Amino acid sequence: MGKSFRKRLESGIIHWAIRLSRSPRYRHARKTVRDLLENPKNPYKRLFDSFIIFLILSSVFILIWEVKHPVPAWLDYYDIYFVSLVFLIEYLLRLWISSDLTGELVEAYEKAVAVGRDFRVGPALLRGIKKKLAYMVTPAAIVDLLAILPAYRPLRVLRIFVLFRFLKLLRYTRSINQFVEVLATKRFELLTLLGLLFFVTLTGAIAIYVLEDTHNPNINNLFEAIYWSLVTITTVGYGDIAPVSEMGRMIAMIIILLGVAMISFATSVIVSAFSEKLHELKEERIVESINRTAEFLIICGYGQMTKMFFRQAEAKRYNYIILDKDPERVQEAIHDGYDAIVDDASRHTTLSRFNVKNSKVTVLCMSHDDVENIYITLNAKSIDPRIRVIARASSPKIVSKYERAGADHILLPNQAASTMMVFAILKPIIYKAIHAIFTGQNVALLDEVRVHEHSSLIGATVGSINFRAYHLILIGVQKVREDRFVFNPEDSLVLEEGDVLLVMGHKASTAYFRESSCLNEKGCLR
Amino acid sequence: MSKEQIFLFGYGKFGRSIADDLVEHDAEVVLIESDEALYHEARKTHRFDRCILMDVTDDAALEALPVRVDEQLVCVMDDDHLNVFLVLSLRALFPQSRILAISDSIHATRKLKMAGANKVIDLYAISANRIHNILNKPIATRFLEGFLNADHEYSFREIVIPEGSFLHGRTLEEIDFRRYGVIFVGMIDVELGNSFIFVTTGLEHKLDAGDIIVCIGHDEDLDRFEKAIHKAKEEAE
């Protein structure tokens, strides 16, 4: 009878687990919650974080206010029920996503079925629960749990646990998080120091207790001795308890010296931890902020080409990050006022740090070295083929290799310069025109004007637009529907929404043309 | 008197392709190189009228070059420092000549100009502009590529208005360049020392025979246009 009940319970549990883990809704809900709580790239996480931070601050404020002033009942209810309830829900959600209990159950079941063994729910369930317990004893989880406790009003002492809500802030503010992370790197040194401090304090406390218990009226028990010892060793020295005998003063002198030594040691450990990590933290911030943008450039190498790239006026428009292996060059870039980090773009881990899934990423390979450029190209394309790669090649012979690697655009600076030189030699007079066009000078800027939804150009024929009056030359029209470029179009060509006009002229002329063809009162964006 | 010669200093990473292009355009090239290996390589091609191996830091040797007043000197030595030095020496020796140079670094551009080069081509400015175009102006990029690629989809052409052309005496406004499939970009002002004026600067001019106009278009259209303007009367469509 008992056996059959257990069997039924076991099969019930496993069926329930299978159903849950196969339900798309369950999986979706789980993913959403995980995203909300843990994915820093999720826009709603910021909102959620701000909400929790507000709850924490308001709760702590109420705690302080309560000391001197009566608190209205509704505020009290808000504090007890609402805040605590939200925290409770948050705690349970975190516990839920900390490990995949049902998934593990199902996996264990499938394994057992696959090898033809009898499946026992017990051990698998125990393993899953152990994992949950392991999460529950992490410091963050304990703080979360303690922060819920103040809701239990009969125990007044629990009110002080509101301060644990303050500790919860740790989770929501990155700077504190990073502070803790930095300290964690020096865990060994700090723990050693703490052990030493504990040992010395206790030794001093026992000594003073034994020596002065009889004739110092302030030291009546071991607790007071420990209190005195700690106050002395940390060089705080309130003076409410002081040694009275000569032996006691000797001990005080010794532990003061030890205390100074230990505090300076602790300071130096923390400072060195920060100076080591500060750099890394800064870089992480740059990467994080660039990842939040919808479109950005990863520029590999800070050399002549990159410098020239930034010198041109249009460069201000981009979100970018410069990567270079050479710390000296990165220093130079930072000195010139650009965001740069030391990293090797040919490594998989480097490029996968970036948010290539949600942002439009373009990689510029600007190095002299073809081997490195090709390697970076391959690396980028292997991470995500959608990453656009613009690479610099040293000679036309190597272009096919870049093409095979998947580069979208290949620059040949040497060849371009040579071609320009031939122009300059053979056609010295119009060279100025060609040079102006190719270097993008304001006087003859090639620019694109998109026929957008608010444009007065929709439905107009090319002949009806007096480009000459705008001091512009119409070079051609990109027809969106046929996806083809019409060079020097006939007057009868009709413009449609989405078409792009390629015009040449002074930068100001183009801007004026763009502005005057816009019907939207708010003005048109590019 | 023979054809105008072009003195090309350097047969390195730039010199090679410039020399090839120039020879293809039937220019007469005198190649000067100071590196023996490169010199022999250039000799082997048998494409140049003259190859000279000399120390370009030696003023006496430079002075001995048969440079005429209106001839162009092109400095594209691989070594940046040597290139600047060469431009400086040439400017002192041939004050009337047109000196062109390629700059391989941002800092060299100004130095070359100060040394006396008339035209300095900045390797990086061109490529950097191309990156900006690729990022923002895909259509402009494709158009510019049409100029540079091997089959020369589009080209620039200087066209002299011939005597007795129907264009003679007409204002720029009146001429329908589009009919011929070409785009009028600007013209060259002979009086103003052969300087080029963009039409976009608000050019108003009555054409005369001997004026030089600059057009872009497909080669065959440009040919057709050049033929058409020789006629005294504009043909009806």
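Predicted model: local features only at pLDDT ≥ 70, side-chain atom pairs only at ≥ 80, totals over all residues.

Reader: How many helices and strands does chain A have?
Author: Chain A has 526 residues, and 29% of them count as buried. Among its contacts with a separation of 6 or more, residues 24 or more positions apart account for 62%. Its secondary structure is 20 helices and ten strands.

Reader: And chain B: what share of its residues is buried?
Author: Chain B has eight helices and ten strands. Residues 24 or more positions apart make up 58% of its contacts with a separation of 6 or more. Of its 237 residues, the buried share is 38%.

Reader: Which helix of chain B gives the most to the side that touches chain A?
Author: The contact joins 55 residues of chain B to 54 residues of chain A. One helix of chain B gives 13 residues to that side, the most of any element. By class, the side has 32 nonpolar, 14 polar and nine charged residues. The helix is α6(B), residues 123–136.

Reader: Is α18(A) roughly parallel or roughly perpendicular to α6(B)?
Author: Helix α18 of chain A spans residues 413–426. Its axis lies 9 Å from that of α6(B), at an angle of about 115 degrees. Angles of 65 to 115 degrees count as roughly perpendicular. So α18(A) is, relative to α6(B), roughly perpendicular.

Reader: Which residues of α6(B) meet α18(A), and what is the hand of the crossing?
Author: The crossing is right-handed. From α18(A) come A:P413, A:N414, A:A416, A:A417 and A:M420. By class, this contact has seven nonpolar, two polar and no charged residues. The partners in α6(B) are B:L123, B:Y124, B:I126 and B:S127.

Reader: Within chain A, is α4 roughly parallel or roughly antiparallel to α7?
Author: Helix α4 covers residues 73–98 and helix α7 covers residues 139–148. Their axes come within 9 Å and cross at roughly 150 degrees. Angles over 145 degrees count as roughly antiparallel. Therefore α4(A) is, relative to α7(A), roughly antiparallel.

Reader: Which residues of α7(A) make the contact with α4(A)?
Author: This crossing is left-handed. On the α4(A) side stand A:S84, A:F87, A:L88, A:Y91 and A:R94. By class, the contact has six nonpolar, one polar and two charged residues. From α7(A) come A:D144, A:L145, A:A147 and A:I148.

Reader: Which residues have the most contacts inside the largest nonpolar core?
Author: That core has 141 residues. Its largest share, eight residues, comes from α6(B). A second, separate core of twelve residues includes A:A205, A:W228, A:I233 and A:I241. In the largest core, the residues with the most contacts are A:M421 and B:V74.

Reader: Which residues does A:M421 contact, its neighbours within four places in sequence left aside?
Author: In soluble globular proteins, nonpolar side chains tend to be buried together. A:M421 is in contact with B:F14, B:I18, B:V74, B:V76, B:L100, B:I102 and B:I121.

Reader: Where does A:T235 lie, and is it buried or exposed?
Author: A:T235 has a positive phi of about 60 degrees although it is not a glycine. It lies in the loop between α11 and α12 of chain A. A:T235 has 12, so it is exposed.

Reader: And A:D483: buried or exposed?
Author: A:D483 also has a positive phi, of about 50 degrees, and is not a glycine. Its loop runs between β8 and β9 of chain A. With 7 other C-beta atoms within 10 Å, A:D483 is exposed.

Technical notes:
Residues numbered from 1 in each chain as written. Chains lettered and ligands numbered in written order. Helix = DSSP H or I, 4+ residues; strand = E, 2+ residues; numbered from the N terminus. Buried ≥ 20, exposed ≤ 12 C-beta atoms within 10 Å, placed from the backbone. Contact = placed C-beta atoms within 7 Å. Nonpolar A, V, L, I, M, F, W, Y, C, P; charged D, E, K, R; others polar. Axes fitted to C-alpha atoms, helices over the stretch in contact; angles between N-to-C directions. Parallel < 35°, antiparallel > 145°, perpendicular 65-115°, else oblique. Left-handed = near helix turned anticlockwise from the far one by under 90°. Core = buried A, V, L, I, M, F, W, Y, C linked by C-beta atoms within 7 Å.
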